[in-house]
Amino acid sequence: MKQCCLDQFIGLLTSWLHQNCIKAISLGLDSQVLLSFIEGVSDVYKITNCNRFQLEIVCQDLKENGITVIELL
């Protein structure tokens, strides 16, 4: 599992969105995020300085860009 702050994570997402390589994102508990990429690779991130609500806002933007968002409870 990789750890980063929310700003770093948004920077990574922006880069990957421009490359059209994100297939889906899954929100887990405790600010954990699973990213699934088009080529079949997955990465898990722990976002260290945010809460679930903040991640849901970020994911809303992803949905608007056509990325599948799965919310795990």
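What follows is a short chat about the aromatic rings and the sheet of a predicted model.

Biologist: What should I know about the numbers before we start?
Modeller: This is a predicted model, in which local features need pLDDT of at least 70 and side-chain atom pairs count only at pLDDT 80 or more, while totals for chains, interfaces and linings use all residues. Residues are numbered from 1 along each chain as its sequence is written, and side-chain values use heavy atoms, with hydrogens and water left out.

Biologist: How many aromatic pairs are there in the whole structure?
Modeller: The search finds 3, where rings of Phe, Tyr and Trp (its six-membered ring) pair if their centres lie within 6.5 Å, and planes under 30 degrees apart count as stacked, over 60 as edge-to-face and the rest as tilted. One of them is the tilted pair of F9 and Y45, at 5.6 Å centre to centre with 55° between the planes.

Biologist: And where in the chain do F9 and Y45 sit?
Modeller: F9 is in helix α1 (residues 6–18) and Y45 in strand β4 (residues 42–47), 36 residues apart; helices (H or I, at least four residues) and strands (E, at least two) are DSSP runs, numbered from the N terminus.

Biologist: Buried or exposed, those two?
Modeller: Both F9 and Y45 are buried, meaning under 20% relative accessible area with a 1.4 Å probe, protein chains only.

Biologist: Switching to the sheet, what is the strand order?
Modeller: The order is β1-β4-β3-β2-β5 in an open sheet of 5 strands with mixed pairing, and two strands pair if DSSP finds at least two bridges between them.

Biologist: What about β1 and β4?
Modeller: They pair in the parallel sense over 3 bridges, and K2 stands opposite Y45 in β4.

Technical notes: Buried < 20%, exposed > 50% of the residue type's maximum accessible area, 1.4 Å probe, protein only.
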